Amino acid sequence: MSRIGVFVCHCGLNIAKVVDVEKVAKEALKIPGVAFATHYMYMCADPGQTLVEETIKKENLDGVVIANCSPTLHEVTFRNAAKRAGLNPYRCEIANIREQCSWPHEHEGRERATEKALKIIKMTVNKLVNDASLVPTSIPVTKRALVIGGGIAGIQTALDIADGGYEVLLVEETPSIGGKMIQLSETFPTLDCPQCIETPKMVSAGQHPKIKIYAYSEVEEVTGYVGNFKVKIREKASYIDREKCNGCGLCIEKCLTTVSSEFDLGLSRRKAVYTPFPQAVPNIPVIDREHCGHFTTGLCRVCQSVCEKDAIDYSQEDRIIEDEVGAIVVATGFDLMPNEKLKEYVSDPDVINGLQFERLLCPSGPTNGLPVRPSNWTVPKDVVFVSCAGSRDPEHGVAYCSRVCCMYLAKQAMLYKHAVPDGQAYIFYIDIRSNGKGYEEFVQRAKEEDNIIYIRGKVSKISRENGKLKIWGVDTLTGELVELSTDLVVLGTAMVPAVGSDEVAKRLRLSTDQFGWMQEAHLKLRPLETMTAGIYIAGVSQFPKDITDVVSQASGAAAKILALFSQDYLLGNPVVAHVDEEICAGCGNCESVCAYSAVEIEPIRNVAVVNEALCEGCGACAGACPSGAMQHKNFTKKQIFDMVEIATEKY
Amino acid sequence: MIEIEIDGKKIGAIEGETVLRAAKRLGIKIPTLCYHEAVSPSGACRLCSVEVQEGNRNKVVTACLYPVRPGLVVKTDTERIKKLRKGIMELLLARSSTSETIRELANEMGAQGGKFLEDKNKCILCGLCIRVCDEIVEAHAISFVGRGIEKKVATPFIEISDACIGCGGCAYVCPTGAITIEGEFIKLEDNIFGKLNEFRKKDTGETMKEILKIDSEGQ
């Protein structure tokens, strides 16, 4: 006969107000197998845990049922308490009488709620009688990390992990790391330029002995599980031998083909063989096959002929690199919502987005920092900045606030005024959101020192009239309609998940939210983790945030990984599926229902085999097994039917 | 930054740059044949001719060579310019009636053949290939040779050149498709300039001079 102890928690009044805990404890003693039962105000408090520990020893218990809140909250707490008292932690079960009894049945009377609580405890005791003492499986950890995305988030994460002594594979889709930040002119609120503050980090990442950068590459496939991921990286053909090239730039200088530059968002031209910007890391050019004269006409071989290192290889093909990593960080960043989505705003070369204006203001940009109108390259006498262009606008764009536009528009207006002192800048806004260190003071400076005119209201329409752009809006503070003519309009366009991040999510089997941002495990308490163990998120891939927050989050994700890598073995959950090979006929039902690819039919013996490291313990295979060969440990067929029988007993 | 006017539109331009560069940046169309943004302009084809106004004087200049000055007024599409370009195209068409590019351009500008004696040179002697070879590749393998109607683009002594590094840049930039790549050779009609880069590379242990000897013996 078992010696089981039942501990009923009051949870203050959360349970005790609805359930007669005293009666429950008294009645629980009558359940076969129960040797001890009591109740206590807060079981999860230290004295409550001590009570469990001491009773286990004193009463020589071989199992405990804690009747309290949901097991997602305190199962670990009490399993640890049981373990401290010398019990196998899997001989501790939680009977949830709060979320499943006292909370939903508050208005149905104390008596009935008490009966149901007792029933839940009875079910749990019956399950516990047949619970096995399980031992966690141990999984080895590959101490190497993969970082997807080489923006400031990916760079920071990679540097922190590498400084911790572990290898990092940093995969970037474009020819250079640096991301969106390196395109900016100056950064709020300190006005330091990314070319000065980000490049040292890029160089450190490029030269770090523990970081291997795969630029112009994509993650093709990810399989496996925490500590043991297998990844395939596709290094796209750049037609330049990355080993031979010394980055001298002669091919770029001599290239005869020029095309519109993506880095300058169409505001300047680059060669067909190029690095996106002068400080590129790695400083190895790539050939743009779509435009290169060799590939379009077959005539040109100038770069190959002048290259002193013989590094140009027109026959190069994509290369697949296979490696093993223990943890993955997704840092895929953002793109701006296309202006075309805002139908009331005319599609015009002088209606540009914030990133384009950053390039125009950038001292190393296409105009050396002089803001011009893209339509005719003259200096605008006035500029209208439109906040919330697509943000906070569920009809045309997205419902959320993009969080950085208020600040960067203030900064851009300020920089415009510094470049064109006699120009006028207007900012249309709904609310000014300046909630960061030094942010509010920065906005006040823009208003007071640089005389930027803030108009509270939305711009309803922008059109082209008599060579100028006409703005229709409303000043909601005075209630008057506002009509303005201006040379240039800068839209603070909504940030949306980076193009292609949905594909990354799919390959990693990660879920995204309704807008496509990577889904965190818990918004407040686990913002850096995904629902898949071993995969973390950093930067804007999770949601819009400024550089300060991106860097903090990136370091946070690195800290999580360093903690993971500090262990040689991980303990796996032993509550997983198990096959009785004597019974299994190898029908494969289990294999086909498994969402985690954890079950396979072994071809020689023709029986199902469970990979315990991959198994998430969902029980789908056990349900699908026609012969009962597949059983879920501690949720066996007998245990479940016993519980169902009690649950369906009449009161 | 200075302001100029092209076809009635005020535009910004960088002091010292040419009218053609300022216009191209903003997508204002001016036809060209001998212009290439990678090399210095030469004004050989005259097709980019535009009318400029300075003070009370109107004059026709080549946009590819004429520098912008503050207040410069440029007209790219006047009757005078249209007529001039048509005339240029008629002459080019007479010289290179076999070139597809020339025929298309002539068609666009309303130029028809028949006025002048027709010739079948694809090369219009714009010299773009020579400028690329000199300025970009710095091989100096080709230049103009001969005078008057004998003038042509060729290697010294019209022999296959060992200065040519076989980059094919000349063929790539040639606006009329006169320079071609046939097998391992870069050619302008019957004249072989040199051997293509990849074939030169395979000739290890064998100097270019030896290849030249074999070729000349073969002839």
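Author: Helix α2 (residues 79-95) of chain B lies across β3 (49-54), β4 and β5 (73-75) of chain B, and runs at about 150° to β3(B). Helices here are DSSP runs of H or I with at least four residues, strands are runs of E with at least two, and both are numbered from the N terminus. Axes are lines fitted to C-alpha atoms, for helices over the stretch in contact, and angles run from 0 to 180 degrees between N-to-C directions. Two residues are in contact if their C-beta atoms, placed from the backbone, lie within 7 Å.

This is a predicted model, in which local features need pLDDT of at least 70 and side-chain atom pairs count only at pLDDT 80 or more, while totals for chains, interfaces and linings use all residues. Residues are numbered from 1 along each chain as its sequence is written, and chains are lettered from A and ligands numbered from 1 in the order in which they are written.

The sheet under discussion is open and has 5 strands in chain B, in the order β2-β1-β5-β3-β4, with mixed pairing. Two strands pair if DSSP finds at least two bridges between them. At the edges are β2 (9-13) and β4 (57-62) of chain B, each of which pairs on one side only. On average, neighbouring strands of this sheet are turned by 35° against each other, direction ignored.

Strands of a sheet pair through backbone hydrogen bonds, either parallel or antiparallel. Strand β1 (residues 2-6) of chain B pairs with β2(B) in the antiparallel sense, over 5 bridges. Within this pair, B:E3 stands opposite B:G12 of β2(B), and B:I4 stands opposite B:I11 of β2(B). The two strands β1(B) and β2(B) form a hairpin with 2 residues between them, and B:D7 in the turn has a positive phi of about 50°. Strand β1(B) also runs parallel to β5(B), joined to it by 2 bridges. There B:E5 stands opposite B:V73 of β5(B).

Chain B also touches chain A, through a contact that takes 25 residues from chain B and 18 residues from chain A. On the chain A side, α10 (293-297) and α11 (302-306) each supply at least two residues. The largest share of that side, 4 residues, comes from α11(A). By class, the chain A side divides into 9 nonpolar, 7 polar and 2 charged residues. In this scheme Ala, Val, Leu, Ile, Met, Phe, Trp, Tyr, Cys and Pro count as nonpolar, Asp, Glu, Lys and Arg as charged, and the others, Gly among them, as polar.

Among contacts in chain A between residues at least 6 apart in sequence, 69% join residues at least 24 apart. Within chain A, helix α5 (residues 110-129) and helix α19 (residues 637-647) pack at an angle of about 160°, with their axes 9 Å apart. That angle makes α5(A) roughly antiparallel to α19(A), a term for angles over 145 degrees.

Methods. Angles under 35 degrees count as roughly parallel, over 145 as roughly antiparallel, 65 to 115 as roughly perpendicular and the rest as oblique.
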